[in-house]
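Open the model in your viewer and keep the sequence panel beside it. Each stop below says what to select and what is there.

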Amino acid sequence: MSAHTDTPVHGADHGAHDDGHGDGAPHATFKGYMTGFVLSVILTAIPFWVVMGNVFDKSSTTAMVVLGFAVVQIVVHMIYFLHMDAKAEHGWSMLALIFTIVVVVITLSGSLWVMYHMNHNMMPGMMHDMHKVP
Amino acid sequence: MSDVTALSTPGAISANPSARYYVSGEHHPENGTLLGFWLYLMSDCLVFACLFAVYGVLGRSFAAGPSGADLFDLRLIALNTSLLLLSSITYGFAMLEMQRNKVRATLIWLVVTGLLGAGFIGIELYEFAHLIHEGAGPQRSAFLSSFFALVATHGLHVTFGIIWLIVLMAQVTKHGFIAANRRRLMCLSMFWHFLDVVWIGVFTFVYLMGVLP
């Protein structure tokens, strides 16, 4: 970091000699890694405690809480460890990430939805029930 | 590269700052590797998404066999999770030392990372051996097939990450921090942190939700 007046012009650059890690390089700092690490430890410990300590009576509540913490922790990892932001690689990283998230959500929710209904409609007991109910 | 150093002499900078700004944008294609590697990771993410979807569909098909609540030892998984999380931060420390151009410190942190990763793999193999020994191998039920497919794919990724790590330690020892080695270390950094992200999904979706009644 030089103190010349011309440095702010290209603030993304560390110094004159760093040809090895230019603008594509993440700006890793000790503080950033430690923040991410502490947050991750907390976000990992809570779901384990929730499940192992049987904190909630209903499993569905526990599942939702645990999933919520996982989503938050993934975001923390993306920001502090993988150094994602909207400006990385001129936004192309973020674009690829958003596209992937869309495909992943469609794959997961679509599979679960379709297969759940298929299982539901092919229950062996179902024909039996239909005779009884009316 | 040599163009940049030739142009960024002190005289050139103070004379025309905007010219230097132009140059630092000009050598951008060199870093195309990082974007390409990110795209690879995203495609890998799709592989894992398919495996997660399979587990999500089949994860409760026990075929009258053991369920997750019978099989999973959450204390072991908590230990495994902390090993992988610690290896993420130690890799981060290695990257910080690389930014300071300290070869020795970087190598020490890389060794620590590799050992933590090896510990993770060791515990996972112990868990698998234990399950198979109990008769809960991948052929027992659809739940166990999808479980082994998903968790072992992640484990294989970590294994190859460790092999890559060892190769890079040899490279850094031999050639030091040349531009290619910096780029490789940054790619492995993304790979390693990405595996930790996938593991968040695994321990949440497979283990924690698997033991719920």
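Select helix α2 (residues 59-80) of chain A together with helix α9 (residues 179-208) of chain B; in this predicted model, their axes come within 10 Å and cross at roughly 180 degrees. An angle over 145 degrees counts as roughly antiparallel, so α2(A) is roughly antiparallel to α9(B).

Now show the side chains at this contact. From α2(A), pick Val66(A), Leu67(A), Ala70(A), Gln73(A), Ile74(A) and His77(A). From α9(B), pick His193(B), Asp196(B), Val197(B), Ile200(B), Gly201(B), Thr204(B) and Leu208(B). Colour them by class: the contact of α2(A) with α9(B) has seven nonpolar residues, five polar and one charged.

Next, stay with chain B. Select helix α4 (residues 32-58) and helix α8 (residues 142-175) of chain B. How far apart are the axes of these two helices, and at what angle do they pack? The axes lie 9 Å apart, and the angle is about 160 degrees. That makes α4(B) roughly antiparallel to α8(B). Their crossing is left-handed.

Which residues of α4(B) meet α8(B)? They are Leu51(B), Phe52(B), Val54(B), Tyr55(B) and Leu58(B). Across from them, select Ala142(B), Phe143(B), Ser146(B), Phe147(B), Ala149(B), Leu150(B) and Thr153(B) in α8(B). By class, the contact of α4(B) with α8(B) has ten nonpolar residues, two polar and no charged ones.

Go back to chain A and show the whole chain. Four helices and zero strands are there. Along the sequence the pattern reads α-α-α-α. Of the 134 residues of chain A, 18% count as buried. Look at contacts in chain A with a separation of 6 or more: residues 24 or more positions apart account for 49% of them.

Select helix α3 of chain A, residues 92-121. Its 30 residues reach 43 Å from first C-alpha to last, close to the 44 Å expected at 1.5 Å a residue. Is α3(A) largely in the open or largely buried? One of its 30 residues is buried, so α3(A) lies largely in the open.

Last stop: Ile46(A), in helix α1 (residues 30-52) of chain A. Count its C-beta neighbours inside 10 Å: there are 16, so Ile46(A) counts as partly exposed. Then select Val65(A) and draw a C-alpha to C-alpha distance to Ile46(A). The two residues are 19 apart in sequence and 9.5 Å apart in space.

Notes
Residues are numbered from 1 along each chain as its sequence is written. Chains are lettered from A and ligands numbered from 1 in the order in which they are written. This is a predicted model: local features need pLDDT of at least 70, side-chain atom pairs count only at pLDDT 80 or more; totals for chains, interfaces and linings use all residues. The expected span of a helix is 1.5 Å times one less than its number of residues. A residue is buried if 20 or more other C-beta atoms lie within 10 Å of its own, exposed if 12 or fewer, and partly exposed in between; C-beta atoms are placed from the backbone. Axes are lines fitted to C-alpha atoms, for helices over the stretch in contact, and angles run from 0 to 180 degrees between N-to-C directions. Angles under 35 degrees count as roughly parallel, over 145 as roughly antiparallel, 65 to 115 as roughly perpendicular and the rest as oblique. A crossing is left-handed if the near helix is turned anticlockwise from the far one by less than a right angle, and right-handed if clockwise. Two residues are in contact if their C-beta atoms, placed from the backbone, lie within 7 Å. Ala, Val, Leu, Ile, Met, Phe, Trp, Tyr, Cys and Pro count as nonpolar, Asp, Glu, Lys and Arg as charged, and the others, Gly among them, as polar.
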